[in-house]
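The text then goes through how some of them pack.

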Amino acid sequence: MRKKSDTLPHGSEATPEFEKAAQRKESRRGFLLAFPSYLYLVIFFVIPLAIVLVYSFATRNRFGGTDLSGWNLESYEKIAEPIVRTILFRSLWLAFLTTIICLVIAYPFAYFLSTRRPSIRNVMLVFVMIPFWTNFLVRNYAWRVILGNDGPFTNVTEFLGLGTNELLFSQKAVVLGLVYGYLPFMILPLYAAIERIDGRLIEASRDLYGSGWQSFRHVLLPLSMPGVIAGSILVFVPSLGAYVTPEILGGAKTTLLGSYIVTQFLTARNWPFGAALSFVLMTVMLVTTIIYFRKGGRTL
Amino acid sequence: MSSSVEPRGWAKAALHVNGWFVYLFFYAPIVLLVLFSFSESRNVGKWGGFTFDWYQQFFDSNNARGALSNSVKIALVVTLISVILGTMAALALERFTFRGKQVFDALLYLPIIIPDVTMAVMLLLFFGQFYDVIEAVFGIQMRKGFGSISISHIAFNISFVSVVVRARLAGMSTDLEEAAVDLYASRWKAFRYVTFPQILPGIAGGALLAMTLSLDDVVITQFVSGPGWTTLPVYVFGLIRKGVTPLINAISVIMLLASMLLVVLSLLAQRSRRTG
């Protein structure tokens, strides 16, 4: 795209000095436009991030307070302890499971959507957008009501002779809540990727005696890969840091990384350890995202 | 893609079934929640005759109404400031080159990809120190509440607004702006009369997104809100953890309605984006 600095000021000859001066002026304008947000993010984002890093090296004193002098790596060493490792692996596993389930449901759905007539497709998309915009807390709470004692789900299982369900407060309920919460995040990028594919390529593969599976495996899937990766990151990342869902639908045995970090601050009062854990969580997210951007997919 | 590549036979049937399943999965829980909010039964998941009692209880509760009005106040302030800062940032990144642009670009993405919990922890520790510093320097004692919550919401919303406005700017040709400047419009006038009307749908979309995110946030708000001053989602989250009651059903439906209203408005903004 052409930048504004390409245009010449009125009534001037294109002398090199003038052009340089004009460029400097444009550069100053750009900087002034960016400056308020820049300053805001430095004060209220970069400095807080630095404080977390400092806290993660600090020591917890006997009263639950934090000693900022005397830096050490204790909090990071604590991550290797069995209890913490269990929670870490459980979080990774449940986030992975959520991502796979979302992918399995969303891929055929996105394909289905992209083969509809445009008029119907727009209506269908609107009904995917609505949950995307709807309050996450409320949507998770709805499942608490449904799965709860004497709730509609129990009525169904009892009617079918399966007995009372024990789904609520289990890991299954947490995965269900996460899938419900983040499914739109998988559908939308997948749809965006599949919709852009030229349908004639699939026709060509079928004409050349490719089976349905082969067309999918060698044509559709590779071409839609940017959507698969984008959707997977958009689901995996928030699932790993989930706090609200395990808090509402999970029980004692379903503590995930997000809730565990919150516990360190609100109940256990081990701030340095909580800071170290949040820093690790953030690093995992950043690395995942950077890998994605490096692979050249920018189709979020 | 065209409909000609739709599979036939069992694959076609499976795709249709999956499609219906997704919509059922999305909407059945919401519909049931709305239904139960009108149920007389004290059991949250059981039908027991029609009533408005729980909504009445909500409007009678000072705490709940207070939390709702806090949420609205914060959302309005946050939206206004985030839209101004976010739009300026978007213009700077799409229309200008300046020193430090790449760093700014990367910094602007961070609040979007950082996990909620990490950002909540960051701001909790920050305000602990920040208020101490303010007290030491200015002698003013500040407490967490309106200020800390608004500041935190703006910190992530600037990024979301700028992404939405940038998308609009990127898809727009600069020809008209250049023509205006060639016809002796000042840069400000060119922005005011040419660029601004064109990016207005993007700004409206960004504003609605900022408002939605502000109204919905639980995790970050919970960490930076003070005793006795909280927002509706944090209030509801606290109630849920104490045990589910029909009152929560009613509040949830009110929050649901607010979300739906914002979706409708954002779809209208999108429509004018296409035609405008």
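Is the crossing of α3(A) and α9(A) left-handed or right-handed? The crossing is right-handed, where right-handed means that the near helix is turned clockwise from the far one by less than a right angle, and left-handed anticlockwise. This is a predicted model, in which local features need pLDDT of at least 70 and side-chain atom pairs count only at pLDDT 80 or more, while totals for chains, interfaces and linings use all residues. Residues are numbered from 1 along each chain as its sequence is written, and chains are lettered from A and ligands numbered from 1 in the order in which they are written.

Helix α3 of chain A covers residues 82-114, and helix α9 of chain A covers residues 212-240. Their axes come within 9 Å and cross at roughly 140°. By class, their contact has 10 nonpolar, six polar and no charged residues.

V237(A) lies in α9(A). V237(A) counts as buried because it has 22 C-beta neighbours inside 10 Å; the cut-off for buried is 20 or more other C-beta atoms within 10 Å. Beyond four places in sequence, V237(A) is in contact (C-beta atoms within 7 Å) with M285(A), T288(A), I113(B) and P115(B).

Between the chains, helix α12 (residues 271-294) of chain A packs against helix α5 (residues 116-138) of chain B at about 140°, with axes 9 Å apart.

Definitions and conventions: Helices (H or I, at least four residues) and strands (E, at least two) are DSSP runs, numbered from the N terminus. A residue is buried if 20 or more other C-beta atoms lie within 10 Å of its own, exposed if 12 or fewer, and partly exposed in between; C-beta atoms are placed from the backbone. Two residues are in contact if their C-beta atoms, placed from the backbone, lie within 7 Å. Axes are lines fitted to C-alpha atoms, for helices over the stretch in contact, and angles run from 0 to 180 degrees between N-to-C directions. Ala, Val, Leu, Ile, Met, Phe, Trp, Tyr, Cys and Pro count as nonpolar, Asp, Glu, Lys and Arg as charged, and the others, Gly among them, as polar.
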